[in-house]
Amino acid sequence: MMSENMKVAKQELVVQENGKKEEDETIETEKRKLGGMKTMPFILANEVCDRFVGAGFHSNLITYLTQVLNVPLIKASNTLANFSGVSNFTPLIGALVADSFAGRFWTIIVASIIYEMGLISITISAIMPQLRPPPCPTQENCKEASNSQLWALYICLLLTSIGTGGLRPCVVTFAADQLDMRKSKVESRKWNFYNLFYFCVTMATLTALTVVVYIQDNVNWGWGLGLLTIAMALSVVVFVVGSPFYRKVEPGGSPLIRLTQVIVASVRKRKVVVPDDDRLLYENRELDSAISHDGRLLHTNQFKWIDRAAVVTGDDMKESCQPNLWRLATVHRMEELKCILRMLPIWAAGILHFASHSHVGSFTIQQARSMDRHLSHSFQIPPASMSIFSVLTVLIGLVLYERFFVPFARRFTGHKSGVTCLQRMGIGFAINILATATSALAEIKRKKAAADHNLLDQPTTHVIPISVFWLVPQYCLHGVAEVFMSVGHLEFLIEQFPESMRSTGAALNSLASSFGNYLGTFIVTLVHQYTGKETNWLPDRNLNRGRLENFYWLMAGVQVVNFVYYLICASLYIYKPLEQITEGCKGTDVELADETTLLDNSKGDGQTDRARNGMN
């Protein structure tokens, strides 16, 4: 009788296990139906509208401040740089919120609504006369905007900065969530996701610089800003419509807490001896499953002091047989911290890069305003639309990069992508130095034309008889540099950052720009303050009497130093090694371990780097 009862119990257990297995497979099948390329139109529509709004709003805001609110040039430039810094800092907060508990989908929704509130507010401020000073066409003895009028603008800018904080780090990573980003799948594609993403947002920027800026300069600011407000509202609607098709990755808990746990565990075990065999370090596939969908990170020999956190000792387990994560970390969690430490020096090189041209856009618009911008007798290019040449270069450059540069470089490097992310960034750094030097030469040419026609002291009443197209070479070079540096920087941060912190990795791209803007403001303030009144490099009103070319040479020198620093850091960098599970691996942990392929992301051909047996 006892034997029959045991048989029945075993049969019931088998039935339950089979039922659970079938349920898990059904859930997994349903998940596979979500995501994919069908979601890209909805997600990219949101990002395209965001960039359309951002370009149309920020690209010409220097004109709004100096021509409508009558703010002095240096104060206006610093104001924009500071708020640009805020806009590039808030993505770090938004990323942590998304990665910790909110998830990327809801972070995008809430951030879009806050952004819309900011746009509505600034549109109203542009329409209501009491929120701006009297017009001053001559730009002489103008009444500057009052503190209350400026604070109305600041509140609008703050709302848009908060909205940007949720959108910038989450949209690109949410789009990546919809695709299979495992190394084998990425290398099998004939296109680069980041090139496609950057192409779409650049098209949005191009549209804003041509349509919106023209309306702002030739119709009025109410219509120009109102168009942006409508576009942002439409983006929210389109994004929500695509909700049933999205693959929504659950947040894996606070990354800051995980990193802190690893550090605390390592400090607690500072006297523990790390074994020579790294297979003895603690691993737990089930514990790491929620933060390693694309494969777990493998042990590296850098930062050996962190390895102590994964050494098992007697007090590391709780009564429930679960590890006390403040005393014991898995190899994957330990390597997450190592990944970040390895990337920080490379990331820091981007700060000086962004600082070197944080104010260039503002100064170049003022240069263009003083030059001959006519394409015909009745039409002239708006100064802020001059950056269209940079945008067009990026669009053309991305296509040429994918079609010609990658196959050409692959012949010499053997790398699937032609060059690595680090090599791509390095080329961008070098081209940007050339672009800054070209800017200095163009300013020398512009001022010489002004001196030849006795127009040095007439910055607003007369146009200098020199074509604005003398500024085109520097815009084109900046565009080429962006194709290499900006796309490479974004790809490097997202791909090399731990998988569960991708939003944070994307936010670091904006954070580097934020620190760069603040550093750029500091440099501009020092230059303006200490280069004297008579021969000031960056005067408030009359750029013709300044020494802007000296400022450009200074920035070129800063970039040369930064480039040397970057080359040193890049030569020492080690790409993260990642465990890749093959398609046929289904079953228990042991079976997965036996079938696991270990791929080093630094290899372009996808070959097997090494295999580890005996995983827990």
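Modeller: Start with F303, which is partly exposed, with a relative accessible area of 28%. Buried means under 20% relative accessible area, exposed over 50%, and partly exposed in between, with a 1.4 Å probe and protein chains only. This is a predicted model, in which local features need pLDDT of at least 70 and side-chain atom pairs count only at pLDDT 80 or more, while totals for chains, interfaces and linings use all residues. Residues are numbered from 1 along each chain as its sequence is written, and side-chain values use heavy atoms, with hydrogens and water left out.

Colleague: What is the phi of F303?

Modeller: Most residues other than glycine have a negative phi. F303 is not a glycine, yet its phi is positive, about 50°. It sits in the loop between helix 11 (285-288) and helix 12 (331-356). Helices (H or I, at least four residues) and strands (E, at least two) are DSSP runs, numbered from the N terminus. N454 also has a positive phi, near 55°, and is not a glycine either. The loop that holds N454 runs between helix 15 (421-452) and strand 2. N454 counts as exposed because its relative accessibility is 63%.

Colleague: How many helices and strands does the chain have?

Modeller: There are 19 helices and four strands. Of the 616 residues, 54% count as buried.

Colleague: How do I read the packing of two helices?

Modeller: Two packed helices are described by the angle between their axes and the distance between the axes. Axes are lines fitted to C-alpha atoms, for helices over the stretch in contact, and angles run from 0 to 180 degrees between N-to-C directions. Here helix 3 (residues 61-68) packs on helix 4 (residues 73-102) at about 145°, with the axes 10 Å apart.

Colleague: Which residues of helix 3 and helix 4 meet?

Modeller: From helix 3, L61, I62, L65 and T66 meet L73, A76, S77 and L80 of helix 4. Contact means heavy atoms within 4.5 Å. The residues of this contact divide into six nonpolar, two polar and no charged. Ala, Val, Leu, Ile, Met, Phe, Trp, Tyr, Cys and Pro count as nonpolar, Asp, Glu, Lys and Arg as charged, and the others, Gly among them, as polar.

Colleague: Which residues does F52 touch, leaving aside its neighbours within four places in sequence?

Modeller: F52 is in contact with A204, T207, A208, V212, L227, L228 and A231. F52 is placed in helix 2 (residues 40-58) and is buried, because its relative accessible area is 12%. F52 and L206 are 154 residues apart in sequence, but their C-alpha atoms are 8.1 Å apart in space.

Colleague: And Y154: buried or exposed?

Modeller: Buried, at a relative accessible area of 18%. Y154 belongs to helix 6 (residues 147-177). With neighbours within four places in sequence left aside, Y154 is in contact with T79 and F83. T79 is 75 residues from Y154 along the chain, and their C-alpha atoms are separated by 9.2 Å.

Colleague: How do strand 1 and strand 2 run, and how many bridges join them?

Modeller: Two strands pair if DSSP finds at least two bridges between them. Strand 1 (residues 371-372) and strand 2 run parallel, joined by two bridges. M371 has I464 of strand 2 as its bridge partner.
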